[in-house]
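Work through the exercises below with the model open. Each task is followed by a solution in steps.

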Amino acid sequence: MEADASHSDKKLLEKFSGCGKSIGVLTSGGDAQGMNAAVRAVVRMGIYAGSKVYFIHEGYQGMVDGGQHIIEAKWQDVSSILQVGGTVIGSARCKEFRTREGRKKAAYNLVKRGITNLCVIGGDGSLTGANLFREDWKGLLQELVNNNEIDKATAEKYNYLNVVGMVGSIDNDFCGTDMTIGTDSALHRIIEVVDAIMTTAQSHQRTFVLEVMGRHCGYLALVSALACGADWVFIPESPPGDGWEDQLCQKLSENRSQGTRVNIIIVAEGAIDRKGNPISSTIVKDNRARMKRLNIIIVSEGAIDCNNKPITSNLVKDLVVKRLGFDTRVTILGHVQRGGTPSAFDRILASRMGVEAVLALLEASVTTPACVVSLSGNQAIRVPLMECVQMTQEVQKAMDEKKFDEAVKLRGRSFENNLNIYKSLSHRKTEGELPCSNFTVAVLNVGAPAAGMNAAVRSAVRTGISEGHRMLAVTDGFDGFMKGQIKEVKWGDVGGWVGQGGSLLGTKRTLPAKNAAAIAEQIRLHNISAIMLIGGFEAYLGILELSAARTTYDDFCIPMVMVPATVSNNVPGSDFSIGADTALNAITDTCDRIKQSASGTKRRVFIIETMGGYCGYLASMSGLSAGADIAYIFEEKFDIRELQSNVEHLTGKMKTTVQRGLVLRNENCNENYTTDFIYQLYSEEGKGVFDCRKNVLGHMQQGGSPSPFDRNFGTKIAAKAMQWISKKLKETYRQGRVFANSPDSACVLGMRRRTLVYQPVAQLKKETDFQHRIPKEQWWLKLRPLMKILAKYKISYDVSDAGQIEHVPQLRNPLQDSQQSITI
């Protein structure tokens, strides 16, 4: 791998060789988990491409002060920082930089070092400041020339400044990107607290009011409410209307009367009602006699009512106490949301953005506008910085003018989708509100259990009931289907399911073909009009077999949809599967602990085996998030010569400054080069330099509480699948029965690049490697070079399809509901 660069790599080196660009990287404003991963990626990708990279310590303050605040970064300077929260180069707010004199000092300090490319990691204020600095640049240099601080030749040599931003903010309040660095980690902190509260609340039958951060954005509150099934959420973008106090108390009372032991209310910090009254954490606590169960209410920082008055967590607590007498507690999470280890999602997101930011800087010219590296679906894109800032300001303007519906739309399709789904799943319609429907829909889990399955089942059941359907739950997959293990499930039956790991319905790998007759009989017996399957490759095979059996059994001529759920992430037709993110976090956390175990000891290399069957997704992506040196997978063939080269590469690093090495191996990557073989090879060849340890992670990757991503992805994709079923049932209902046998009536609902798409399983067959149970093409393979580059391998990296600057999309066209981006 350290041999000659490939043709693609030469394209990269030829494109940027001799460009002489120096890059400065800084973190500004508030800190966010994952910033260090972004800094690491910028430094290493910059060095890889032949540039000098400089740390600018303490943000813009360090740029103004100069001196030792601006130092050249070396490769080893960013070792062992992936798992560290906050920012190792420091962050500060700088009043002086807001003045022209301060910016002139900053320009002088950069020009002295030849830095004319800035990578700024921060929020909208930091990025706006960077753009102003860029616009002032020529004028600032001219002033420096006039003051004899630099000569005219220097000013001409460094006559323009390029700026590329990455948004580091837990609030996810920046328009133009689906996710900002740190948001997913903040959600992890919130959900960890909620899960802990749920256990103690169950014991004491209490109501909990949680106040979460987010300034004027309710994203954290809204998504955490989805992820924990909160009873009520207050967010700035959608304040409650008049009489919300009565509605809240009525809902809490109804939930208690139906046996719910826990109620959760989430309040965004700064929430107000539509009259501008604060909704604080003191509105909820009087008639104890009526308090029999537990509620949790989440209040977003910045939440308001319909009159723009703030809604705080104390306000909500006082209301519940006074009206209901419920034993109520307030928890204000505060800066714990900003702390801790970054999640796997944030590490990967920041690494991808960091690499893309360097490429954007290297490609930039004097006419290139300042841009932001953003996430759209699973794609890293570049968007004009000021378009994003202007759109972000438009959101606040709409809220100030009480145009709350417009504010929700301006937040983007994902935010609007989250809000609509939360409303549909938290509000149980009365009999009079339910649409008239004679359809019965069955839901079952198929294959191995995956974290997030239960969230998907809950969402499917409640969405189905809201659509007017009779919902049936099938236990133990197709095995239970054949045996008639089918029962009706009501709204309250799936309460509390969203945070549960595994499969509460039970799941087996049995396929339906051999038992088609028995399953068809059960469909007739229970008058089933549609089927939703939630599972992995077995579910995919199952829906293929059911659709093939339509020629023999008319009973299978009904709408069928599959929702991908497997830790292996190997389902054709979807870039992501429910459960894969939880497994990825489990692997990443374990790798962090394993590497830490070698801290202070002699040099050591860890060989770790991951799950995934023949799919290398877990090994590759956990390698990127944990900072692995190499990850062996089935999709990328390797031989003994490459193994030897990898050992030599690692040995060379170990002889210098590296103390720990990490080698990942997908369980089925090669039948001969087993985990034991690789362990023995590294042990033998590394003698005298490092020793080895091996770990087989096993089924711990399938267990545990689902991550926020899996809870929300499962919730939203299952809701969309049920809406598709409702649509198909109406389309195929003729002469008193449902009859659907067209290819598009048996689909996989998956995320492809930036959208959710319904794909007929018949069409997906040609995209499937059935022998190895993987898709023939997998998007994440394009990220493999990033892991190797960041591990100091000299390998190919093709920039022929380097991103162009895209414009910020305008408001969603309501006719495009069938294709919506899904992010957490």
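**Exercise 1.** State what share of the 824 residues in the chain is buried.

Solution. Buried residues account for 62% of the 824 residues, where buried means under 20% relative accessible area with a 1.4 Å probe and protein chains only. The model is predicted: local features need pLDDT of at least 70, side-chain atom pairs count only at pLDDT 80 or more, and totals for chains, interfaces and linings use all residues. Residues are numbered from 1 along each chain as its sequence is written, and side-chain values use heavy atoms, with hydrogens and water left out.

**Exercise 2.** Find the pairing partners of strand β8 (residues 263-269) and say how many of its residues are buried.

Solution. Helices (H or I, at least four residues) and strands (E, at least two) are DSSP runs, numbered from the N terminus. Two strands pair if DSSP finds at least two bridges between them.
- Strand β6 (residues 207-212) pairs with β8 in the parallel sense over six bridges, and Glu 211 stands opposite Val 267 in β8.
- Strand β7 (residues 232-234) is joined to β8 in parallel by three bridges; Trp 232 has Ile 265 in β8 as its bridge partner.
- In β8, seven of seven residues are buried.

**Exercise 3.** Describe how helix α21 (residues 640-654) packs on helix α22 (residues 675-685).

Solution. The two axes, lines fitted to C-alpha atoms over the stretch in contact, with angles from 0 to 180 degrees between N-to-C directions, come within 10 Å and cross at roughly 45°. Angles under 35 degrees count as roughly parallel, over 145 as roughly antiparallel, 65 to 115 as roughly perpendicular and the rest as oblique; α21 and α22 are therefore oblique to each other. Contact means heavy atoms within 4.5 Å. Residues of α21 including Ile 640, Leu 643 and Val 647 meet residues of α22, among them Phe 677, Ile 678 and Leu 681.

Note on methods: Buried < 20%, exposed > 50% of the residue type's maximum accessible area, 1.4 Å probe, protein only.
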